[in-house]
Amino acid sequence: MLAIRHVSKRFGGLRALRDVNIEAERSCVTGLIGPNGAGKSTLMNVISGFIGADEGSVTVDEAETIGLPPHRMCASGVVRTFQNLQMFSDMSTVEVVVMGRTRHRRASLAANLLMTPAVRHEERDAFLAAQDLLVRMDVPESFWLRRAGDLPYGFQRRVEIARALATEPAYLLLDEPAAGLNDKESSALGETLRKIADGGIGVVLIEHDIDLVMNVSARVFVMDAGTVIASGTPSEVRSNPDVVAAYLGEEHD
């Protein structure tokens, strides 16, 4: 389980997070919603090690991880994507995904310089793994050798998730993965997220597409003004009067 306990964070006089408690389990999608400025991305940054917390703890399968830098969090099994695409645009699509395998490389610098058989074997395995992930993410084979930055936006999103999956995470944190997608693309993304969770990975989904969150999440947490105001199943959250007042509005009654 990924457990966030009593996490608080200040930026000067602004209290961005206040006593936040959230849990996410493997093999499930956990939704995190709330209005702009609720603290969702700040929490994501704390969990993934991009910023520190003033108080609280983050544990990954009972191991304390708060304060670890992002590369150590990745090694601990937590990886994230960003609201704005972080793409190696000039690389081919398959090379972008291969980049995610970096932490699994075992060959020494000298071996890499000499291109030993062990290095060639690692590279072959990395490309095969990347191709498998692109298949799982429904990226057409005709795109694999194309420049990643030239792909349609929806497929760039899928490639970014494939690169994150290449690290072999236990928990995948997604920050607005449906941003910029049309309804059909969002629906297809939802099916993909279910498949990722069915494969044993815990998915934490920050998203403004409420229908997507409600359709794929086993549990939803709602934040407002830096704190969690409600949690439960999608149906419980939809009917919570505090959530309706703070965020969902009458159209989601």
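Predicted model: local features only at pLDDT ≥ 70, side-chain atom pairs only at ≥ 80, totals over all residues.
For the counts that follow, Ala, Val, Leu, Ile, Met, Phe, Trp, Tyr, Cys and Pro are taken as nonpolar, Asp, Glu, Lys and Arg as charged, and the others, Gly among them, as polar. A search of the whole structure gives one cavity of 30 Å³ or more, and the largest cavity has a volume of about 60 Å³. Its lining is made up of nine nonpolar residues, two polar ones and one charged one. Among the lining residues are Leu2, Ile4, Ile22, Leu32, Leu43, Val204 and Phe221, as well as Glu23 and Thr30. Strands S1 (2-11), S2 (14-24) and S3 (29-33) each provide at least two residues of this lining, and so does helix H1 (40-48).

The largest pocket has a volume of about 420 Å³. Of the 21 residues that line this pocket, Cys74, Val79, Arg80, Arg163 and Thr167 lie closest to its centre. At least two lining residues come from each of helix H2 (70-75), strand S6 (78-80) and helix H6. The largest share belongs to H2, which supplies four residues.

H6 spans residues 153-165 and packs with helix H7, residues 183-198, at an angle of about 15°, the two axes being 11 Å apart. Because angles under 35 degrees count as roughly parallel, H6 is described as roughly parallel to H7. The crossing of these two helices is right-handed.

Which residues in H6 and H7 meet? On the H6 side they are Gly154, Arg158, Ile161 and Leu165, and on the H7 side Glu185, Ala188, Leu189, Thr192 and Ile196. The residues of this contact comprise five nonpolar, two polar and two charged.

Key:
Residues numbered from 1 in each chain as written. Heavy atoms only, no water. Axes fitted to C-alpha atoms, helices over the stretch in contact; angles between N-to-C directions. Parallel < 35°, antiparallel > 145°, perpendicular 65-115°, else oblique. Left-handed = near helix turned anticlockwise from the far one by under 90°. Contact = heavy atoms within 4.5 Å. 1 Å grid on protein atoms, 1.4 Å probe; cavity = no way out; pocket = protein on both sides within 12 Å on 5 of 7 lines; lining within 4 Å. Points joined across faces, edges and corners; volume = space filled by probe spheres on them.
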